[in-house]
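Me: I would like to go through this structure and ask what stands behind each label.

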Amino acid sequence: MKITEIKKSKQPMKYHLYVDDVFYGVFLDEILASYSLKTGQEIGEDRLEEIKKENDEKLAFSTAVSYIERYNVSTKGLKDYLLRKKFSKYAIDSAVNKLKEHNYLNDEAFAKNYFEALSGSKGKRVIAQKLKEKGVKKEIIDELLLNIEDEDEEERARALAEKFVKNREKNLKNKQKCFAHLVYKGYDYSVAQKIASEIFTGEER
C-alpha cells in the first residue's frame, strides 16, 4: 500500500489521507507526526490499520469532548452522535469509557439537569418518558423521581395552571380544560385533579 496524498482538512489539526489514490480516512496531525506518515510512503496494510485504530480512538474522543462541551447529553445521545459521524463501535466505546472514567459523562447528572430544565413546563411523568427515550436507565430515572417532593411538583403544576387560566372565565368547562392541560403536560392524574380543583373551588357553574 502507498500513501498517495495527505491533504489538509478544513478543520484544524486534521488531514485527509489517501492510500493508492483512494480516501482512507481523517487523521490527526499528531498521529501523522508520531508515525512519520508522508506522501509517497509504502506501508503494510496491517500496520496502517493499527495506526488508524489508534487515530480513530483519539479522533472519536476529541469529537466527543467538543460535543459535550456544547450540549448536555446522555451516554446514548453521545453514542448516537458518534455513530452518525461514522466512528467504529470500538472507537465509540473507547471514547465513552474514557469520558465516564473522568466523570465528564454522567447519566445521573444529565437526568438531573434535564429535569431541572423542563420541570417548569412539564410534569415528571413526561420528563421521565423523555429521559427513557434518551437512553437513561430505568433505575436512574426511578431514583430521580423518588427525590422529587410532591409539594414541589404541585407547586410547578399550580404555576402552570394559573398561567393557563389567566384571562379565562372560571367555570366547569375551563376547569376540565385546565385538568386536561396538566395531564397533557405530564402531571399525574391526582396532581392535575387536585390543582384544578383548588384553582376553581367555588367558581364552578
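This is a predicted model: local features need pLDDT of at least 70, side-chain atom pairs count only at pLDDT 80 or more; totals for chains, interfaces and linings use all residues.

Reply: Residues are numbered from 1 along each chain as its sequence is written, and side-chain values use heavy atoms, with hydrogens and water left out.

Me: Why is Glu5 called partly exposed?

Reply: Buried means under 20% relative accessible area, exposed means over 50%, and partly exposed is in between (1.4 Å probe, protein chains only). Glu5 has 33% relative accessibility, so Glu5 counts as partly exposed.

Me: What makes Val191 buried?

Reply: Val191 has 11% relative accessibility, so Val191 counts as buried. Val191 is in helix H10 (residues 189-200); helices (H or I, at least four residues) and strands (E, at least two) are DSSP runs, numbered from the N terminus.

Me: Why is Glu108 called partly exposed?

Reply: The relative accessible area of Glu108 is 48%, so the label is partly exposed. Glu108 lies in helix H5 (residues 107-118).

Me: How do you know that S1 and S2 pair?

Reply: Two strands pair if DSSP finds at least two bridges between them. Strand S2 (residues 14-19) is joined to S1 by five bridges, and the two run antiparallel. Glu5 lies in S1 (residues 3-8), and the bridge partner of Glu5 in S2 is Tyr18. The hairpin of S1 and S2 has five residues between the strands, and Met13 there takes a positive phi near 65°.

Me: How many bridges join S2 and S3?

Reply: S2 and strand S3 (residues 22-28) pair in the antiparallel sense over six bridges. In S3, Phe23 is the bridge partner of Tyr18 and Phe27 is the bridge partner of Tyr15. Two residues lie between the strands in the hairpin of S2 and S3, where Asp20 takes a positive phi near 50°.

Me: What makes the contact of Asp56 with Lys52 a salt bridge?

Reply: A salt bridge is a side-chain nitrogen of Lys or Arg within 4 Å of a carboxyl oxygen of Asp or Glu. The closest N and O atoms of Asp56 and Lys52 are 2.8 Å apart, and the pair forms a salt bridge. Asp56 and Lys52 are separated by about one helical turn because they are four residues apart in helix H2 (residues 45-70). Both Asp56 and Lys52 are buried.

Me: Which residue forms a salt bridge with Lys79, and where does each partner lie?

Reply: Lys79 forms a salt bridge with Asp93, with the closest N and O atoms 4.0 Å apart. The pair links distant parts of the chain, with Lys79 in helix H3 (residues 75-84) and Asp93 in helix H4 (residues 89-101), 14 residues apart. Lys79 has a relative accessible area of 30%, so Lys79 is partly exposed. Asp93, at 22% relative accessibility, also counts as partly exposed.

Me: Why are Asp142 and Lys138 separated by about one helical turn?

Reply: They are separated by about one helical turn because they are four residues apart in helix H7 (residues 138-146). Asp142 forms a salt bridge with Lys138, the closest N and O atoms being 2.7 Å apart. Lys138 has a relative accessible area of 59%, so Lys138 is exposed.

Me: How many salt bridges does a search of the whole structure find?

Reply: The search finds nine salt bridges.
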